[in-house]
Amino acid sequence: MKYQFPQHFYWGSAASATQTEGAAFSGGKGENIWDHWFKSEPNRFHQGVSATDASTFYEHFRSDIQLMKDINHNSFRTSISWARLIPDGTGDVNPEAVDFYNQVIDTLIEQGIEPFICLFHFDMPMKMQALGGFENRYVLQAYADYAETCFRLFGDRVKHWFTFNEPIVPVEGGYLYDFHYPNVLDFRRAATVAYHTVLAHAMAVSKYRELKLNGKIGIVLNLTPSYPRSQHQADLEASNICDLMFNRSFLDPAIRGEYPQQLVALLKQYGQLPDIHDGDRELIAQGKIDLLGINYYQPRRVKARLSAVNPNAPFVPEWFFEPYEMPGRKMNPHRGWEIYEKGIYDILTNLREHYGNIPCYISENGMGVEGEEKFLKDGQIQDDYRIDFIREHLKWIHRAIEEGSACFGYHLWTFIDNWSWCNAYKNRYGFYRLDLATQQRSLKKSGEWFAQISEANGFDD
Ligand code: BGP
């Protein structure tokens, strides 16, 4: 069968500033939470590797962009590092950073690669975190000012903007599950950060509208369908609560301009609702997006809890569900994640049926492989498993598009194997292999394959 994609479909990959730039303490960059946390707890990072050892995009962006061109990328997403552009979070703009991002954007455009730019990919400036990060409304204004600075500096050339990448992850990691700084466990504070992130997003969107730039603005969400174990009422309820907490908490405000009533009622019932100020509702309504980025790696499967909750333990989402391991599920054994390709179709169909068929694209999808060096043969990573992974997801995307989904692109996570927060270089995702010792990049088999399908705008299978 032939899988031909619509004209002008965006093919490419995604990365982020802190994960690729390196130069964490040079070029005038301020400290962010990752630099700070590494100093105090290096043991939290796989093999003690920090963002300083990210893949040197700051230095090698020109040749890296050439490598993108070589595999026929027509688009690429990265982020701007807030702490590089405005080292203190507010105030003076760092001219070296302006110069750097200008050069990155211009080089991409020269190579025919559309820059998709995200403003925040997990990397809060430390000066802002010291004030409470997104718990503090002052920091929301600082973020909105930073966003405005970016729009004014780069908005003449950047036509695809994203306010946040996976905004729920810093909430989960930093305030519930202990995998991001500041390692707090407090649901109400988590809910406050989530709520304030939505407000910050809306402030940036309305600023963008005011400037009347010729482009579009959206958000990147990690949408993970919550499949219930069975059709039993209790399992359905568990999956509904997961959907409200992990998907709709950002999806509804971003697309509908308001929160789901059920989520508000649930948080209220448990005394976890953040402080709501006059004018917030109107502000949230102004945050409606033009386009949505969807990150999808694995499904969430859940069942009703079997045991009672310890009422003295901290309130967490798991009060309402337990993870469910479906017998016979297909696994990526190299990452321990389930592979469920149809999930991507379910997300796109849900958006078409319930969210006005918002223009969207797959902003991240990919297969992490620990110990990928074992697939090195004759100097090349033979990652047939990644080709299968991408191809099977693309087939479901194709089907969703045929049924009317407004999906306009596909980006793999990631371009060159990159540093990934606490996992550092544990799981490899790139089209290009990175030799950590020499920083040399070499094309994997999947990169060769992707170059062909990008050029042909589809494939036969
Ligand atoms: C996504 C993030 C990325 C990236 C990826 C891989 O959720 O947006 O920043 O790091 O996950 O994660 P890991 O290396 O933990 O497998």
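**Buried residues, contacts and overall form**

Q: Which residues of H8 are buried?

A: Ile168, Val169, Pro170, Val171, Glu172, Gly173, Gly174 and Tyr175 are the buried residues of H8. Buried means under 20% relative accessible area, exposed means over 50%, and partly exposed lies in between, using a 1.4 Å probe and protein chains only. The model is predicted: local features need pLDDT of at least 70, side-chain atom pairs count only at pLDDT 80 or more, and totals for chains, interfaces and linings use all residues. Residues are numbered from 1 along each chain as its sequence is written, and side-chain values use heavy atoms, leaving out hydrogens and water.

Q: What makes helix H8 mostly covered?

A: Of the 8 residues in H8 (168-175), 8 are buried. The cover includes helices H6 (126-129), H9 (187-211) and H10 (233-256), together with strands E6 (216-222) and E9 (300-303). Helices (H or I, at least four residues) and strands (E, at least two) are DSSP runs, numbered from the N terminus.

Q: Why is Ser249 called buried?

A: The relative accessible area of Ser249 is 9%, under the cut-off, so Ser249 is buried. Ser249 lies in helix H10. Beyond its neighbours within four places in sequence, Ser249 is in contact (heavy atoms within 4.5 Å) with Ile168, Val198, Leu244, Tyr259 and Leu263.

Q: Why does Thr224 count as buried?

A: Its relative accessibility is 17%, which is under 20%, so Thr224 counts as buried. Thr224 sits in the loop between E6 and strand E7 (226-228). Not counting residues up to four places away in sequence, Thr224 touches Asn247, Gln298, Pro299 and Arg300.

Q: What makes Val302 buried?

A: Val302 has a relative accessible area of 1%, under the 20% limit, and is therefore buried. Val302 belongs to strand E9. Leaving aside neighbours within four places in sequence, the contacts of Val302 include Tyr227, Pro228, Ala238, Cys242, Phe321 and Tyr324. The C-alpha atoms of Val302 and Ser226 are 6.6 Å apart, although 76 residues separate them along the chain.

Q: Where does UniProt place the feature "active site"?

A: The unreviewed UniProt entry puts it at Glu364. UniProt positions are given in the numbering used here, feature names are shortened, and annotations may be inferred rather than shown by experiment.

Q: Why is Glu364 called buried?

A: Glu364 has a relative accessible area of 4%, under 20%, so Glu364 is buried. Glu364 lies in strand E13 (residues 360-364). Apart from neighbours within four places in sequence, Glu364 is in contact with residues including Arg77, His121, Glu166, Tyr297, His411 and Trp413.

Q: Why is the protein chain described as compact as a globular protein of that length?

A: The protein chain has 15 helices and 21 strands. Its radius of gyration is 21 Å, close to the 23 Å that the globule rule gives for 461 residues, so the chain is as compact as a globular protein of that length. The radius is taken over C-alpha atoms, and the rule is 2.2 Å times the number of residues to the power 0.38. The C-alpha atoms fill a box of roughly 60 × 55 × 45 Å, taken along the principal axes.

Q: How many of the residues of the protein chain count as buried?

A: Of the 461 residues, 60% count as buried. Among contacts between residues at least 6 apart in sequence, 77% join residues at least 24 apart.
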